[in-house]
Amino acid sequence: MNKFNEIFLDLEKKILAKQYPPHTLLPSENQLIKIYGVSRETIRKALQLLTTEGYIQKKQGKGSIVLERSRFDFPISGLTSYKELQETQNIPSETIVQELSETKVDKELSEITGWKIGTPVWHLVRQRKIAGEVVILDRDYLLKEVVPTLSIEQAKASIYDYFENELGLTIAYAQKEITVEPVTPEIHEAMTLKDDPYVVIVRGLVHLEDTRCFEYTESIHRLDKFRFVEFARRRKV
């Protein structure tokens, strides 16, 4: 990992832990150079990442001001695993593997993914519990030719960590769709829902660096627990 990425992750962790609270200043560039023992260019790259991710705003003559962020924000752009979000945003949660089975691509899944009918896939369903309530239901289909083995322990921990660090896969990008849809009997049974008749569903086709789609995912969220955000900066055209 590049040094500026390490510094970015360390500063991000400290911001989320409120070591640098919202509306306060980060240490100056000169102070950060001394703290991390790196060049000014490396510090500026780390600060630029913090700016891009919406953690800070640079103000001339003052420095880097920490911005207010919600712990339960889910980014629209980017490709981050739930485990990574849980750790970086300090979300106290539990993952329960409801189903892990081998199946084959049917007509409906083929139309969504472009996979050939009859292709072997993993079907993975996980419940995400926060404060004892199932507020997220994740349903995934994974190509077995790309992911030949998958255990309940790996599914419960982090499948992306397994894909990247054990299988050596390079996950490149995803195409996402976000909709608000009525609660189905299946969703109602699997989640801790209140009176709201709707849920947010984030569907995604995840691709490797060679552009192959190897995962189709549906992440179903309870409306009152999360908001989906994108930090946008204006660019003049």
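How many of the residues of S9 are buried? I looked this up before anything else. Ten of its ten residues are buried, so S9 is mostly covered. Buried means under 20% relative accessible area, exposed over 50%, and partly exposed in between, with a 1.4 Å probe and protein chains only.

**Ground rules**

I am working on a predicted model, where local features need pLDDT of at least 70, side-chain atom pairs count only at pLDDT 80 or more, and totals for chains, interfaces and linings use all residues. I number residues from 1 along each chain as its sequence is written, and side-chain values use heavy atoms, with hydrogens and water left out. Helices (H or I, at least four residues) and strands (E, at least two) are DSSP runs, numbered from the N terminus.

**Entry: the sheet**

I traced six strands in an open sheet, ordered S4-S5-S6-S9-S8-S7, with antiparallel pairing. Two strands pair if DSSP finds at least two bridges between them. Strand S4 (93-104) and strand S7 (171-182) are at the edges; each has a single partner strand, so one side of each lacks a neighbour in the sheet. From one strand to the next, the twist averages 15°. Axes here are lines fitted to C-alpha atoms, for helices over the stretch in contact, and angles run from 0 to 180 degrees between N-to-C directions.

**Entry: the partners of S9**

I then checked both sides of S9. Strand S8 (residues 198-208) is joined to strand S9 (residues 213-222) by nine bridges, and the two run antiparallel. Val-206 has Glu-215 as its bridge partner in S9. His-207 stands opposite Cys-213 in S9. Four residues lie between the strands in the hairpin of S8 and S9, and there Thr-211 takes a positive phi near 80°.

S6 is joined to S9 by seven bridges, again antiparallel. Opposite Leu-137 I found Ile-220 of S9.

**Entry: the cores**

Which residues touch the most other members of the largest nonpolar core? They are Trp-115, Val-147, Leu-150, Phe-163 and Phe-214, out of 25 residues. A nonpolar core is a set of buried Ala, Val, Leu, Ile, Met, Phe, Trp, Tyr and Cys residues joined through side-chain atoms within 4.5 Å. Strand S5 (120-130), strand S6 (133-143), helix H7 (159-165), S8 and S9 each supply at least two residues of this core. H7 gives the largest share, four residues.

I listed the contacts of Trp-115, leaving aside neighbours within four places in sequence; among them are Val-105, Leu-109, Ser-110, Tyr-141, Cys-213 and Phe-214. Contact means heavy atoms within 4.5 Å. A second, separate core has 18 residues, including Phe-8, Ile-15, Ile-33 and Ile-56.

**Entry: Ser-110**

Is Ser-110 buried or exposed? Ser-110 is buried, because its relative accessible area is 16%. Ser-110 lies in helix H5 (residues 107-113).

**Entry: H2 on H3**

The axes of helix H2 (residues 29-36) and helix H3 (residues 40-52) come within 9 Å and cross at roughly 105°. That makes H2 roughly perpendicular to H3 (65 to 115 degrees; under 35 is roughly parallel, over 145 roughly antiparallel, the rest oblique). Residues in the contact include Ile-33 and Tyr-36 of H2 and Ile-43 and Leu-47 of H3.

**Entry: Lys-225**

Lys-225 lies in the loop between S9 and strand S10 (227-229). Lys-225 is partly exposed, because its relative accessible area is 32%. Its C-alpha atom is separated by 7.2 Å from that of Val-135, 90 residues apart along the chain.
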